[in-house]
Amino acid sequence: MAIFQSLKTWLGAWISMALALTAVQGQNIRNNPSSNHGNAFEQLGSILPDPNVYRTASGAPGHGYWQMRVDYEIDARLDEADLRLHGSEWVTVFNQSPDPLNYLWLQLDENEHNPSSSSVYAAVESKTGKRITEGNLYDIDRRPKLNGHGVQILEVKDAKGKALEYFIHETMMRISLPGALQPGKSFRFRVSWNYKLPNRLDIGGRGGYEYFPEDGNHLFTMTQWFPRLCVYSDFQGWQHKQFTGRGEFALPFGDYRVKITVPSDHVVAATGQCVNYEKVLSAERLARWKSAQISGDVVEIATREEAKVAEQSRSTQVKTWVYRADDVRDFAWGSSRKFIWDALPIEIEGRKILCMSYYPKEAYELYRRYSTKTVAHTLRTYSKHTVPYPYPVAISVEASNGMEYPMICFNFGRTEKDGTYSEGTKNGMLGVIIHEVGHNFFPMIINSDERQWTWMDEGLNTFLQHLAQEAFDNDYPSGRGPASSIVDYMKLDPDQLEPIMTNSENLVQFGSNAYAKTAVGLNILRETIIGRERFDLALREYARRWAFRHPTPADFFRTMEDASGEDLDWFWRAWFYDIKPVDLAIDTVIVMVTSHPPPPREVTYYMNHPEVTESITKYRNRTSGMRFLVDADTSLRDFYYHYNPPHSPKVQRYHPVEAGLELRGRTDSTYLVEVQFSNKGGMVMPLILRWYYDDGTYEDERLSVQLWRKNEQEVTKTFVRSKRPIALQLDPFEETADIETANNGWNVAEAPSRFELFKSEEGPRRGRRRAGGEGQLNPMQRARQEKEPATAPQR
């Protein structure tokens, strides 16, 4: 009876979710489609799955919540000469579900490169252009180049050595159990395998190797490299959707014990803690590693000079590095004789964490200064906004890519051969390190299903990346986060758009949707709709509730409402389940004067007021007295911190704008201003107003989104003012992602374009400018060549 009841509960939850997904896919989210109201503000209702014993209506885990667990003992051997990985593992599965299991599903992600995989050819669209390159030919048919790739399973046996039946379906393997694995019981089995390592930069993929022809060495990144148990959950059963290279992972937590055998002159970076440094490090490196545990600054453990010497020969001996990692959902590692290795200890809420970086000499001038300190900064910022970082280490590896795993990530950021770099390269490196280290929180700790809902890890992480970048340096040019950054995407034709809730594999604009639109939406909630204090409390509550668990979108939506006290169904409905943009407009303004007005004065106003040339986040950070990392640690101020390129854009003055007031009678010295607003884009938003007066002053006013409840297409409101209003601007900080700002003003001039600003020669410089476009030489090279000092900072 208990089994029947649990099955009934599970089936009910599954049907509810299926109905919700059907509603979303059909865009059937309007409650009163023939009316001008009763749509935007209706509750999500059946779009969300019903609460149950596993997941509550408040968004918290229910009293019956459960999740699977799996432990691994792995032996791995890297054959550098043959470019092949050999592995064997003991896997122990703990059935903590209420259901008996007759089989297990495992992921074989490296079969992404198997020529027979549908993601290689059969399910891939290909077109020819006017010009065909070798890369185009590879995209048309990848199979010839992938000959020999894919996972070779050598054996699958139970704890007694008896062979287990299994079959492989592309990137998934099903193992039949000798008997049903009952709730509360465990099953232990062994798998042996090997595969040919892919050249990442040649055929793509998350892991494999990079070859350096200048010195004949490799840099190995071992990711998704072992057969891993799929998630079995209360909301979808087995998650065995195929890995095609885009939608990432759904993985259960467990403990890992991993032995990694590599050439003896390699340095290894891996998830978890190495437990045998005494056996694999030289006496000098071991001494440096010990000193790094108590240092107040970054310590090089494997130096650049040692890495250069190691590059010149290859050892025929091997060493085995032994690691342990507890309560993680995955394990990854890197290995190379090229690695330079440094470390810095920090403390977060009483827990010591060792921040480390591994990088080749080609990245030294950037990574030695920035990488490990950026890791530390990321952990501190994310811990402040979510949960305290729970693991003992955090690692950044320079490997010409961007990919994340528990306690370790792989990033990019190499200099020119002379050690110089562009500002774009530096900012890109900082951004990718923050982003990939940040993934330790989403999804490595708050463990959402990446394959189904990319936005739940990439979007939330990109939002927190934005906050961390702003805290690093308020002048950091955040490309994702400010509301204005999503406008170009929201302007696209509808057939190029899809709701955020769309499955990862079906997204056309993958980065703009799952990463950028989600991040912008959360930033709008924080800065404009909920407010920083309540939003931060709600996000921390979500992280606390779902740390080391498997949340779904409904759990996030419900928790944010439950913990903030804000009804946000209108926002989830529009921003996550629909594609309509924001385009609010000022249609008409009528000013009624109650006494004889003073004569009008000429005053100039711009769509971007001189005091508002930054995002709302930057403005509030700056005016709140926030201390940025580049100010707390001035060693992070490089050439570009002080750099102002030649021909900096200048601010141009415009002619005054006629007031054009319409007068309607007079009594006492009071102005009544009737304003009609319209919703041209389809999505409602709060009305953020800036009133300009003829005495040269202005004031801001914010009206609730609830103003649109009775009419979602247009509203009229009358304002009482004691001073003569001469102009009115809607959304002055561009904080609502409004796609058309030309209709946001009454008697407000358009700001000059960037081209006009550049062309102008009038006005003072305004702060540091971004470098770029100076020609083939980067600004550091130009400064060296011309022997001219950088301009002093104007901050």
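This is a predicted model: local features need pLDDT of at least 70, side-chain atom pairs count only at pLDDT 80 or more; totals for chains, interfaces and linings use all residues.
**Close-up 1. Glutamine 107 faces methionine 172 of strand β6.** Strand β3 covers residues 101–107 and strand β6 covers residues 172–181. The two run in the antiparallel sense and are joined over six bridges.

**Close-up 2. Four strands line up as an open sheet.** Stepping back from that pair, we meet the rest of the sheet. Its order is β5-β6-β3-β10, and the pairing is antiparallel. Which strands stand at the edges? They are β5 (166–169) and β10 (228–229). Each has a single partner strand, so one side of β5 and one side of β10 are left without a neighbour in the sheet.

**Close-up 3. Tryptophan 193 and tryptophan 225 form a tilted pair.** The structure holds 54 aromatic pairs, and here is one of them to look at in detail. The ring centres of tryptophan 193 and tryptophan 225 are 6.4 Å apart. Their planes meet at 45°, a value between 30 and 60 degrees, so the pair counts as tilted. Where in the chain do the two residues lie? Tryptophan 193 is in strand β7 (residues 186–196), while tryptophan 225 is in the loop between β9 (217–222) and β10. The pair therefore ties together parts that are 32 residues apart in sequence.

**Close-up 4. Helix α7 packs with helix α9.** Two packed helices are described by the angle between their axes and the distance between the axes. For α7 (residues 364–385) and α9 (residues 455–472), the angle is about 115° and the axes are 10 Å apart. The crossing is right-handed. On the α7 side, the contact is made by Tyr370, Thr374, His377, Thr381, Tyr382 and His385. From α9 come Asn461, Leu464, Gln465, Leu467, Ala468, Ala471 and Phe472. Sorted by class, the residues of this contact are seven nonpolar and six polar, with no charged ones.

**Close-up 5. Helix α11 packs with helix α12.** Our last stop is another pair of helices. α11 spans residues 510–529 and α12 spans residues 532–546. Their axes lie 7 Å apart, at an angle of about 140°. That angle makes α11 oblique to α12. α11 passes α12 in a right-handed crossing. Leu522, Leu525, Arg526, Glu527 and Ile529 of α11 meet Arg532, Arg534, Phe535 and Asp536 of α12. How do the residues of the contact of α11 with α12 divide by class? Five are charged and four are nonpolar, with no polar ones.

Key. Residues are numbered from 1 along each chain as its sequence is written. Side-chain values use heavy atoms; hydrogens and water are left out. Axes are lines fitted to C-alpha atoms, for helices over the stretch in contact, and angles run from 0 to 180 degrees between N-to-C directions. Angles under 35 degrees count as roughly parallel, over 145 as roughly antiparallel, 65 to 115 as roughly perpendicular and the rest as oblique. A crossing is left-handed if the near helix is turned anticlockwise from the far one by less than a right angle, and right-handed if clockwise. Contact means heavy atoms within 4.5 Å. Ala, Val, Leu, Ile, Met, Phe, Trp, Tyr, Cys and Pro count as nonpolar, Asp, Glu, Lys and Arg as charged, and the others, Gly among them, as polar. Two strands pair if DSSP finds at least two bridges between them. Rings of Phe, Tyr and Trp (its six-membered ring) pair if their centres lie within 6.5 Å; planes under 30 degrees apart count as stacked, over 60 as edge-to-face and the rest as tilted.
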